[in-house]
Amino acid sequence: MFPNTQALLMVLVIITSGCQKSKSLTGGSEAAKIEQSLPLTASPKAQVKRMRADLLRNNLAKILVLDPQGMCLELGRLPCADLVHKVSLGSMNAYGNAQYRHPEQVSATSAMSLDRLVLSACMQRAQLDLVNPGRAVIFKDVELSTDGRLVKSEAVVTAIHTLYQRAFLRDASATELENLLQFYEAIYAQQSIGAARNWMTLSCYAVLTSVEATFY
Amino acid sequence: MKTAMNRRKVLQMLMGSPLLNGCLKAQSVPTSGLASGASAGPRKFLFVFTAMGGASINDCFLARRASEVKDASTLNVFPDLLVKSIDGTELRAVDMASDAIGALPFPVKAVQSRFLSKYKNDIMVATCTGTAVAHPEAQRRSVTGHDAWNGRTLQEAVAAQYGQGLLLPNINMATVGYAEHGRDRSLPGFAMAEPVPDPAFFPFSLHGYKGIQGVPDDALMAMARQLRDQKLEPQSAFYQTFGANPLIQDWMKFRAQQGRFEQADAINRLNPFEDSKDLPFKNFGLNPNRDGEILREVFPDIGPDPLQTQALLAYLSVTQGLTCTATFGLGMNVTIDGKDEDNPLLTNTPTAFDYSHNAHRSTQAVLWHRILDTMDRLITLLKVTEYQNGESYWDHSMIYIATDFGRDKTRKENLREFPSGHDVNNGVVIISPMVNGGRVLGGVDLKTLKTYGFNPETGDPESGREMTEKEIYAGILHALDVDTSGSGLPSMRAMRRKV
């Protein structure tokens with residue numbers, strides 16, 4: 001079943017990384033190092049499909065539990081995935097533009113359109129989770145200090161895993177966990193005011209605009 | 001409102017005058033720094049106007065009077081008074097009016113002579129006989145010369161020659177066959193067209209986050225992207241497994257260019273709209289193009305009028321230094337100018353020129369008028385915008401009016417309005433200071449109204465010859481000074497301006 005020991009080791013790491021949820025905030029470093037030393041074999045065919053506008057919209061809405069129609073509105077009124085960025089995000093526009101086929105290629109504006117869609121959605125989610133932590137979807141029970149700092153707690157680790165679980169049906173790896181935790185420190189060093197909110201928004205953005213979230 | 005109308009009237013009177021020239025020059029946005037890795041020498045710019053559905057050359061530049069032909073009652077000719085000859089050329093114009101477009105109760109007032117008189121020295125008509133009567137395929141062939149150069153479109157060839165280093169060398173706002181990519185696999189990736197389905201919305205997709213209320217600042221956004229690009233993504237199992245996929249590679253290549261778009265402030269520079277209650281750009285931290293007011297005077301109907309909106313985006317993307325070829329034109333959908341609620345005007349018929357199946361004469365009239373009106377506005381702006389060394393953008397530009405095919409040359413006896421089918425025989429219109437302007441290359445057989453060809457070197461009419469799509473394709477590229485070495489394209493000296 002496992003053709004080599006590398007693969008077996010990798011599975012073990014993945015299994016153990018799944019248990020990181022309950023570990024301390026800094027406990028991921030060792031596992032992260034082990035992970036990095038295990039290169040994966042690239043798929044010789046590497047066949048993937050691009051998520052098109054409607055799939056991206058629905059996915060995001062499901063991951064972040066948001067209204068798919070209100071998740072991203074340019075100028076507060078123009079729907080991103082259904083109108084403004086529809087073709088740029090890989091969909092076709094048969095009725096409006098006599099375009100009967102999906103674009104085969106990625107276009108120069110696709111990544112920017114995705115950024116706008118995801119960023120708007122992540123900002124909404126972060127805001128909702130901050131306002132009502134008890135009913136939060138991603139950043140549940142994440143606490144802020146009186147000066148707006150993120151209080152380091154298990155809830156932060158759980159939030160990162162929740163984001164990955166909802167997005168990719170897997171926990172964050174130890175490396176990803178480590179990187180996202182360090183990201184908060186970097187944000188705080190750069191701009192302490194609103195650091196927690198910005199970390200929530202931008203962690204969500206960084207994960208949900210990655211190629212793993214864009215292709216399947 | 002009264003003031004705006006007065007300003008508009010004044011500007012319209014000034015179209016092409018030195019006064020408007022000075023006005024735009026003073027407010028034009030400097031473009032330095034937008035392009036990197038640009039090829040040496042001045043660029044050339046190609047605007048392809050897509051005359052969807054079959055624009056008949058016999059209903060505009062090559063119109064014939066009833067008195068000129070023997071079988072006038074059954075050929076598509078006009079009452080003598082409607083056809084105007086343009087001084088010093090063999091070009092013709094049709095000025096006519098009608099109460100309806102077939103069953104569509106919209107009045108038509110079409111004036112072609114004004115445009116022809118104004119630009120006659122830059123207008124070249126070259127006769128051509130196509131090879132397809134199916135719309136999408138004929139449209140594709142009109143821009144590939146029936147795969148004359150490995151299937152590369154004219155726009156791709158121009159972008160490959162002049163688009164190196166530009167952010168969006170080739171934008172395409174057209175539809176159906178005109179929106180197809182070419183088939184040349186050796187085409188450099190940057191020369192492929194960027195589809196622009198809606199010119200009004202397009203600027204929003206030129207920045208990853210500007211204009212989103214409450215967004216983290218530039219530095220934080222850069223940190224988040226760095227985290228994603230350098231840490232999260234490369235280490236992910238998904239990327240390590242599938243990262244070699246060409247789609248993912250393209251995605252990452254384009255994503256790496258995002259910063260250039262954002263630095264260029266393309267989201268604002270390509271936005272000609274006015275901040276208003278309906279479009280509250282400023283509330284969202286956006287500042288539309290500062291030349292907007294002047295641009296809207298020349299294109300007063302941007303927004304409701306998709307054609308004007310497209311033409312203005314084409315102008316802006318070229319003159320802001322992002323693009324060297326822009327494709328736009330009539331779409332399949334009906335458009336109506338409803339400014340005067342009591343007297344609305346139809347500005348695009350259902351399926352554009354193909355509505356000639358129902359009402360040939362008025363469809364051709366209303367749409368040719370619309371094309372020429374839009375081109376006039378575009379050329380006006382290009383002429384008054386300096387490119388370099390005192391030369392205007394127009395000095396380096398070409399407009400190619402591409403169409404699917406011609407229409408039937410015949411009609412039922414003496415019918416003023418009649419249906420027409422598709423006919424491969426037609427001609428193309430090219431407007432540019434770089435072409436053999438003021439000329440009709442080829443001619444019209446007065447017995448059949450079919451066009452005949454010309455000598456590719458001298459331009460002399462040759463009644464036994466029909467020009468091919470490949471020859472027209474070659475002539476356009478050569479006039480634009482595109483290097484076609486090794487392509488096997490024929491020399492078409494007659495289509496270039498003699499210097």
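Two residues are in contact if their C-beta atoms, placed from the backbone, lie within 7 Å.

The model is predicted: local features require a pLDDT of at least 70, side-chain atom pairs count only at pLDDT 80 or more, and totals for chains, interfaces and linings use all residues. Residues are numbered from 1 along each chain as its sequence is written, while chains are lettered from A and ligands numbered from 1 in the order in which they are written.

**Chain A as a whole**

Select chain A. Of its contacts with a separation of 6 or more, 58% join residues 24 or more positions apart. Chain A holds ten helices and two strands, where helices (H or I, at least four residues) and strands (E, at least two) are DSSP runs numbered from the N terminus. Followed from the N terminus, the order is α-α-α-β-β-α-α-α-α-α-α-α. Of the 216 residues of chain A, 46% are buried. A residue is buried if 20 or more other C-beta atoms lie within 10 Å of its own, exposed if 12 or fewer, and partly exposed in between, with C-beta atoms placed from the backbone.

**Confidence in chain A**

The average for chain A is 86, and 82% of the residues score at least 70. Where pLDDT is low, the predicted coordinates should not be read in detail.

Move to helix α6 (residues 110–131) of chain A. Of the 22 residues of α6(A), 17 are buried.

Then select helix α8 (residues 174–190) of chain A, whose 17 residues should span 24 Å, in agreement with the 24 Å between its end C-alpha atoms. Buried residues in α8(A) include A:Leu177, A:Leu180, A:Phe183, A:Tyr184 and A:Ile187.

**The contact between the chains**

Display both chains. The contact takes 53 residues from chain A and 52 residues from chain B. On the side of chain B that touches chain A, α6(B) gives the largest share, ten residues.

**The sheet of chain B**

Now select the open sheet of three strands in chain B, with the order β2-β3-β4 and antiparallel pairing; two strands pair if DSSP finds at least two bridges between them. Strands β2 and β4 (108–111) of chain B stand at the edges with a single partner strand each, so one side of each has no neighbour in the sheet. Strand β3 (residues 92–98) of chain B pairs with β4(B) over four bridges, and B:Ser98 stands opposite B:Val108 in β4(B).

**B:Lys84**

What surrounds B:Lys84, beyond its neighbours within four places in sequence? B:Lys84 is in contact with B:Arg92, B:Ala93, B:Asp95 and B:Ser113. B:Lys84 lies in strand β2 (residues 83–85) of chain B and is partly exposed, because 18 other C-beta atoms lie within 10 Å. Finally, select B:Leu116, 32 residues from B:Lys84 along the chain; their C-alpha atoms are separated by 9.8 Å.

Conventions:
pLDDT = per-residue confidence, 0-100. Expected span 1.5 Å × (residues − 1).
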